[in-house]
Amino acid sequence: PVCRVYNYEPLTHLRNLRANCYGKYLALRGTVVRVSNIKPLCTKLAFVCGTCGDVQSVPLPDGKYTLPAKCLVPECRGRSFTPDRSSPLTTTVDWQSVKVQELSSEEQGEAGRIPRTIECELVQDLVDSCVPGDLVTVTGIVKVSSTEEGKILHLR
């Protein structure tokens with residue numbers, strides 16, 4: 001079962017979202033401006049030992065590919081592995097990225113400025129739950145991911 005937090009306060013304004021928010025749970029409100037296609041996110045991947053054929057499942061935080069260090073069979077200790085995406089030990093979830101834009105501000109000095117946005121990652125039942133133009137309140141943990149353009153703050 002999945003549990004959800006509703007009416008979490010205080011709401012954080014996008015203008016106050018900084019690197020010091022990394023790893024913190026927060027809520028923000030904004031307008032959905034873009035949604036990606038739904039993709040599979042691998043959360044656990046099975047690996048077959050090249051020496052003895054034993055299979056082990058490795059958790060993949062944020063879908064990042066990590067090879068096992070060594071075989072778990074005490075007599076083997078092999079260090080060569082092949083991923084097995086069709087194994088029952090491999091698990092995937094639906095994943096979608098949405099871009100949320102801050103609500104227009106009436107503060108002095110804010111006129112004419114390009115609105116701030118944040119990428120939010122949706123998984124499982126939250127996938128396909130909003131479309132561009134929807135006003136949403138998103139709660140999650142802030143993470144930073146590296147891209148070619150530099151570091152980007154994400155809410156997951």
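**Salt bridges, cysteines and a surface patch**

At 13% relative accessibility, Glu-119 counts as buried. The model examined here is predicted. Glu-119 forms a salt bridge with Lys-99, with N and O 3.9 Å apart. Lys-99 sits in strand S5 (residues 91-102) and Glu-119 in strand S6, so the contact ties together parts 20 residues apart in sequence. Lys-99 is partly exposed, at a relative accessible area of 26%.

A further salt bridge joins Glu-121 to Lys-143, and their closest N and O atoms are 3.0 Å apart. This pair links strand S6, which holds Glu-121, to strand S7, which holds Lys-143, across 22 residues. Lys-143 is buried, with 9% relative accessibility. Salt bridges with shared partners also join Arg-34, Lys-99 and Glu-119 into one network.

The count of salt bridges comes to five. One of them pairs Arg-4 with Asp-125 at 2.4 Å, N to O. Arg-4 lies in the segment before S1, and Asp-125 in the loop between strand S6 (117-123) and strand S7 (135-147); the two are 121 residues apart. Arg-4 is partly exposed, at 34% relative accessibility.

Zero disulfides were found in a search of the whole structure. For Cys-120, the nearest cysteine sulfur is that of Cys-130, 8.6 Å away. Cys-120 is buried at 1% relative accessibility. Cys-130 is likewise buried, at 7%.

On the surface, Val-5, Tyr-8, Tyr-25 and Ile-141 form a nonpolar patch. Together they have about 310 Å² of accessible area. Val-5 lies in the segment before strand S1 (25-35). Val-5 is partly exposed, with a relative accessible area of 43%.

Terms used. Residues are numbered from 1 along each chain as its sequence is written. This is a predicted model: local features need pLDDT of at least 70, side-chain atom pairs count only at pLDDT 80 or more; totals for chains, interfaces and linings use all residues. Side-chain values use heavy atoms; hydrogens and water are left out. Patches are made of residues with over 30% relative accessible area and no salt bridge: like charges are joined within 9 Å, nonpolar side chains (Val, Leu, Ile, Met, Phe, Trp, Tyr) within 5 Å. Accessible areas come from the Shrake-Rupley method with a 1.4 Å probe; for residues, only the protein chains shown count as cover. A salt bridge is a side-chain nitrogen of Lys or Arg within 4 Å of a carboxyl oxygen of Asp or Glu. Helices (H or I, at least four residues) and strands (E, at least two) are DSSP runs, numbered from the N terminus. Buried means under 20% relative accessible area, exposed over 50%, partly exposed in between (1.4 Å probe, protein chains only). A disulfide is a pair of cysteine sulfur atoms within 2.5 Å.
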